[in-house]
Amino acid sequence: MTNPLVSVLTGGLLTGLVFALISLGLSLLWGVTDLINFAYAEGLMVAMYATLVSSRMGLDPLAALPLVVAVSVLLNLLIYWLLIKRAMRGAFFTQVFVTFGLLVLLRNLALFVFGPDPHVVQRSLLGGTTTLLGVPLSQAELVASGAALVLALALHLFLTRTVLGFSLKATAEDREAAALIGLDTERIYVVTWALTGVCLGIAGDLIATFFAVFPTVGDVYLLIVFAVVALGGLGSIWGSVGGGVVIGLIQALAGFYLPAPALKYALVFLVFFVVLLARSQGWVGKGP
Amino acid sequence: MRTRLRLARPLLIPLGLLAAVGLLASALGDLFFTDVLILVVIYACAGIAWDIAAGVTGLISMGHASLFGLGAYVAGILLTWYGINLWLGMLAGALVTGLVAMAVGLPTFELKGHYFVMATVALSSIVYVVVINWPALGGASGIYLPILPSGVRHLEFGRSRIAYYWVGLGLLTLFLVLSLAVRESRLGFWFRAVRDDEVAAAAIGVPVLLAKSLAVGISGALSAVAGAYYAAFTLYVSPDTVLDLLLSVEIALVAILGGAGTLFGPLLGAIVLVPLEQYSNALLGGQGKGLAGTAYALIIIVVALFEPRGLMHWVGRAARALRPGGRATAGSAAS
C-alpha cells in the first residue's frame, strides 16, 4: 500500500514529462523564430488523428510513427510556406490572427472529417500497466515520458554538436546578429518548422496511445504547453523538460488537494499568467 | 453642442437602413431572419466594445468572451436568484466587469504584443475553467433565466421577437454614440497615441497606464452590456455559449473584418459574418458545422494576410471617390 502522495507525485512526474514532450517543438519554434503559433496544439491534434487513421488501417501506433511524423512535418512545412512566411512580413497583429485562424481552421476541418465524438486508438503493444516502486503506471505514459527524455537529448545533441543546430541556436539568441554573420535565416526557419513537425508527430503518436482523440483536444493542451515553455525558457530544451515536470507536478498536486480536481487547470493557467508577468519584469531570464 | 450633433450625422444613414431592415423583418415574420438580425446587433455591440481596447488603443485581446460572459452571468444570476430586473442586472454587470477588467488588466499592461494576447487567453481560460467547475453557477449546464411577462420593463419579449431587435438597435445606437464620443475626445487621442507609439505618447505627457486602464474598463463594461443583452435574448448562460475561446475569436473577427479602429467597422463586420455563420450552420447542420467553421477560418486568414485594415477601408475609399470635395466620412476618420 503506497502513500497516495507518492502515487500522485509519480503520476505528476510522468504527466509532466508528457507535457515536456509536446512542448519541445514549441520551445524550439518560439525560441528560434520568435513567432507565437497559437495553432500549435492543433498540430498535435492532427498528429493524433493521423495515428488514429493508421490504427484503423491496421498499423500499430509505434509502427505508424514514421508515417505520422512525415504527415506532421509536411503539414508544418505547408503552414510555413503558405501562411507563416507571409504573416511574418506583416504586423504582429497579422501573425496573431493568422495563427488563430489556423487554429479555427484545423479544428473545424477535423470536426468536419471525423465528427465531434472522441475516438480511442486501439491498444497495441503499449497497453496495460506496470508497477514501479509499488505504484501502478500506464505503460503508454511511461514510453511517452521516456521518449520525452530521448527526444530532448537528441535535440540537445543536434543543437550543440552540429553546425546546423548551432545556427539554430545562434538565430534563437540573436536573429539580427545571426543574419549579419551570414546565416541563412530562411533555411533555418524551414529546418525549425520541420523539426517542430517531428516533435509534434512523435508527441501526437505516443499520446494517442493513452489519450482520446477529438477535434478540441488542442484546447486541453494549448495553454499548458505555453505555460511549460514560458516557465522553462524559450528555446531551452532542458528548460522545457524542467518546466514540463514542474507543471505536471503542480497539476497533480492541485488535482489531489483541490475540491474540484478539474480546477487544477485553472491553477496551471494562473501559474502561466504569473510567469508571463514575472518574465516581463526580467526576473527570470529572457522575457517579453 | 451643434458640432456634436453634426458629428453624429454619419450615424443616420446606417441606423436608418437598419431600421428599414427591421421593418422588413417585422413584415416578413420570419423568425430565423429576425433572430439573425438581433444577433447581428449584439455582435456589433460586442465588436465595438472590443475595438475600443484593441483597435483604438492597441490592446489586442483574444479573451473578450470572458468580459462578455461575465456581464451575461451577472445579469443572469441577479435575475434568476434574486429576481433583480435585467436592466439593473445589465448595469451591475457593466460596473463589475469594467472594474474587474481594469484590476486584472493593470499588471498586464507592460506585456508587449504577443505576450499580452497570451495573457488575455490565459485569463479568459481561467474564468472558463472556474465557472465550468462551479456547480452553484450551473457548471457546464449553465443557468436558465426565468421567463417573465413580455415587456420592456422586464427586458423579455416572448410575444414579439422583433422587439428584441428594436431595443437592440437602441443599444447599438448608444454604443455607436459612445464610441464616437470617445474617439472625438481627448481620451480617444490618448488611446490612439498609446496604440501608435507608447513611448512617444508618454514623452508628450499622455498618462499611458491610466489610458490603458480606462480603455480596458470601458471596453469591459460595454462588453458586459452586450453579454447581458445576449443573456436576456437567449434566456440562457453557460460556459460554452458565453465564455468560449471561439467566441472571443468571433468578437475580434467581427471588428477586424469590418475594420479595427473604425467607428462602423464592427457593425459592418457583424453584418457580414453573423448571417454567414448562422445560415451556414442552419443549412449544413451537425457535422456540416465543421465546414462552416472552415470557411469562417479561411475568412480570418485571408483578411489577416491581405487586408488587415478591413472592409471599412474599401468603404472609405469608395466614399471618398464619390465625394471629390473631400469631406472625410466617419469610416476613414480613425485610420
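Buried, as used here, means under 20% relative accessible area, exposed means over 50%, and partly exposed is what falls in between. Keep that handy for the exercises below, and remember that this is a predicted model.

**Exercise 1. Work out where B:Lys212 and B:Glu198 sit, how they meet, and whether each is buried or partly exposed.**

Step 1: Start with B:Lys212. Its relative accessibility is 4%, and buried means under 20%, so B:Lys212 counts as buried.

Step 2: Now its partner. B:Glu198 comes out at 37% relative accessibility, so this one is partly exposed.

Step 3: Look at the side chains. B:Lys212 and B:Glu198 form a salt bridge, with 3.0 Å from N to O.

Step 4: B:Lys212 belongs to helix H10 (residues 208-234) of chain B and B:Glu198 to helix H9 (residues 198-203) of chain B, so the bridge ties together parts 14 residues apart in sequence.

**Exercise 2. Find which parts of chain B are linked by the salt bridge between B:Asp35 and B:Arg161.**

Step 1: Check the geometry. The two side chains meet at 3.1 Å, N to O.

Step 2: Locate both ends. B:Asp35 is in helix H3 of chain B, while B:Arg161 is in the loop between strand E1 (143-144) and helix H7 (162-184) of chain B. The two residues are 126 apart, and the pair links distant parts of the chain.

Step 3: B:Arg161 has a value of 29%, so it goes down as partly exposed.

**Exercise 3. Move to chain A and trace the salt-bridge network that includes A:Arg107.**

Step 1: Pick out the members. A:Glu42, A:Arg107 and A:Asp219 are linked by salt bridges into a network.

Step 2: Take one link. The side chains of A:Asp219 and A:Arg107 come to 3.4 Å, N to O, in a salt bridge. A:Asp219 sits in helix H9 (residues 217-232) of chain A and A:Arg107 in helix H4 (residues 92-114) of chain A, so this link joins parts 112 residues apart in sequence.

Step 3: Compare the two ends. A:Arg107 is buried, at 7% relative accessibility, whereas A:Asp219 is partly exposed, at 36%.

Step 4: Over all chains, the count is eight salt bridges.

**Exercise 4. Describe the contact between chain B and chain A: how much area is buried, and what kinds of residue does chain B bring?**

Step 1: Get the size. The chains bury about 4000 Å² between them, with 82% of it on carbon and sulfur atoms. In chain B, B:His114, B:Tyr115 and B:Met118 lose the most area to chain A, together 17% of what that side buries.

Step 2: Count residues. Chain B puts in 42 and chain A 45.

Step 3: Look for polar links. There are zero salt bridges between chain B and chain A, and one residue pair is in polar contact across the interface.

Step 4: Assign the helices. Helix H6 (113-132), helix H12 (245-258) and helix H14 (288-306) of chain B each supply at least two residues of the side that touches chain A. H6(B) gives the largest share, 13 residues.

Step 5: Sort by class. The chain B side has 30 nonpolar, nine polar and three charged residues.

**Exercise 5. Follow A:Phe97 from the largest nonpolar core to its contacts in chain B.**

Step 1: Find the core. It holds 208 residues, and A:Phe97, A:Phe100, A:Phe226 and B:Leu172 touch the most other members. Helix H3 (residues 31-54) of chain B gives the most to this core, 17 residues.

Step 2: Read off the contacts. Among those of A:Phe97 are B:Trp50, B:Ile60, B:Met62 and B:Ile256.

Note on methods
Residues numbered from 1 in each chain as written. Chains lettered and ligands numbered in written order. Predicted model: local features only at pLDDT ≥ 70, side-chain atom pairs only at ≥ 80, totals over all residues. Heavy atoms only, no water. Core = buried A, V, L, I, M, F, W, Y, C linked by side-chain atoms within 4.5 Å. Buried < 20%, exposed > 50% of the residue type's maximum accessible area, 1.4 Å probe, protein only. Helix = DSSP H or I, 4+ residues; strand = E, 2+ residues; numbered from the N terminus. Contact = heavy atoms within 4.5 Å. Buried area = accessible area lost by both parts, 1.4 Å probe. Salt bridge = Lys/Arg side-chain N within 4 Å of Asp/Glu carboxyl O. Polar contact = N/O pair within 3.5 Å; in protein donor to acceptor, adjacent residues only side chain to side chain. Nonpolar A, V, L, I, M, F, W, Y, C, P; charged D, E, K, R; others polar.
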